[in-house]
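Hi there,

Here is the structure I promised to send over. Have a look at it first, and my notes follow below.

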Amino acid sequence: MAYTEQTQAAFREVLDNLQSAGIFKQERYIHSLQDAEIEVEFPPGAPLKKLINICANNYLGLSSHPEVIKAAHAGLDARGYGMSSVRFICGTQDIHKELEARVSRFLGTEDTILFPSCLDANAGVFEAILGEEDVMISDRLVHASLIDGIRLCKAEKDTFKHADLKHLEDKLILHKDKRHKLVITDGVYSMDGDMADLAGMVELCERYGAMLLVDDSHATGFIGETGRGTHEKCGVMGKVDIITTTFGKGLGGASGGCVSGRKEIVELCRQKARPYLFSNTIAPPVVAGVIKVLELLSDTTERRDKLEQNSIWWRKSLAEAGFILQPGDTPIVPVMLFNAKLSQDFARDLYEEGVYAIGFFFPVVPQGKARIRTQISAAHEMHHLEKALDAFIKIGKKYDILGKTKNEITDHYGL
Ligand SMILES: *Cc1c(COP(=O)(O)O)cnc(C)c1O
């Protein structure tokens, strides 16, 4: 044991610097189910406060859906609690195969392999299929877990400017002699709520002989006419070679992820992806819960339709009230405040008014683009959204930002 005083002091200093930079993450303790309304203890020891939750990824409102809970209970009774094994030794049940088949059917893909999380799917997929002769070309704003997976792979790494297909084309030309080329993007980008132009990307990939990987974690279950995801919305179902996604957001929000797509790619992951080979897969009750979620979503589009209507109403109402929004048409609606301190003050005041949303600022978003990110759910009823809107307007008036331009706000508050 040699946790020296110097080491401890050095670590302490790193933590103190996070505190003084105002980027120390302090968790709020929820004492209730995850839902449209939650009971929160914050700061630790404070009395519980009932809040309208507009910052969860509970897009479809399935995190605490009674039928999902019931299915998870039944799964627990029928297949037990845990596997105590990785998949290829003695950790594969019939329900794991059933879930893989259902995901393939839902996404319109050839095959699917489960991972403990989408982070693990992204950590495993690149190394399993690519080597030194290949190239990975990713959008510069892809999710952190894709960046990690890319780093673990020996193929050459390159990037293109966010959503800039001309730049992507330049890169595809630059790397045209590589053996395998893989273009990598998120389907929906979580900070701005913008969507990748998958139709344009598929066209470029076909022209230059590249594969396409889309991480659809912020889309699966609700984007597109029947909620299949960004590939449905963009009219390219069956043309995306690899979809990675999570069960930890719209699809019940428990945990787990997958790689879905070309059957040889899925089989290569089964043989070689390290998070699949060396970590337990999704626990039986969660598998049973996700199966139920996919059943519910295949029967009817009611929940994604309600989510869409809620999102449209919320976006329109905030805009009419005079807030500046990041443009888009997903359930992610960022309210732009530009100034970091203003975003924190605004979020704190919302909390006082009974509305839970988070203010983001640099380095999570670019400098001068601080915001409150709001996320809408099918669990929200109109009375939730109306109350949240009233709080936004009240606080917007307090800081005198309603109807103001970006320059007027930043002239007053600074960047
Ligand atoms: C949330 C998220 C992940 C991680 O999902 P987990 O299943 O929780 O690991 C990966 N990619 C994107 C784009 C995400 O938004």
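Please keep in mind that this is a predicted model.

I'll start with the ligand. The shell around the ligand is made up of 13 residues, and Cys118, Leu119, Asp215, Thr246 and Lys249 come closest. By type, the shell holds 8 polar, 3 charged and 2 nonpolar residues. Helix 5, which spans residues 118–129, is the largest contributor to this shell, with 3 residues.

Asp215 places one 2.6 Å from a ligand nitrogen atom, and Ser217 has one 3.5 Å from a nitrogen atom of the ligand. On Thr246, a polar side-chain atom sits 2.6 Å from a ligand oxygen atom. On its own the ligand would expose 390 Å², and the protein buries 82% of that.

Now for the overall layout. The chain splits into two parts: domain 1 covers 28–57 + 302–413, while domain 2 covers 66–299. Taken over C-alpha atoms, the centres of domain 1 and domain 2 are 29 Å apart.

And how many residues of each domain are in contact with the other? The count is 16 residues from domain 1 and 18 residues from domain 2. Between them, the two domains bury about 1300 Å², and carbon and sulfur atoms account for 58% of it. On the domain 1 side, Asn57, Arg304 and Ile332 supply 39% of the area buried against domain 2, more than any other three residues.

Happy to go through any of this with you.

Best wishes

Technical notes
Residues numbered from 1 in each chain as written. Predicted model: local features only at pLDDT ≥ 70, side-chain atom pairs only at ≥ 80, totals over all residues. Heavy atoms only, no water. Near = heavy atom within 4 Å. Polar contact = N/O pair within 3.5 Å; in protein donor to acceptor, adjacent residues only side chain to side chain. Areas by Shrake-Rupley, 256 points an atom, 1.4 Å probe, with all protein chains shown as cover. Helix = DSSP H or I, 4+ residues; strand = E, 2+ residues; numbered from the N terminus. Nonpolar A, V, L, I, M, F, W, Y, C, P; charged D, E, K, R; others polar. Domains from an automatic or database assignment. Contact = heavy atoms within 4.5 Å. Buried area = accessible area lost by both parts, 1.4 Å probe.
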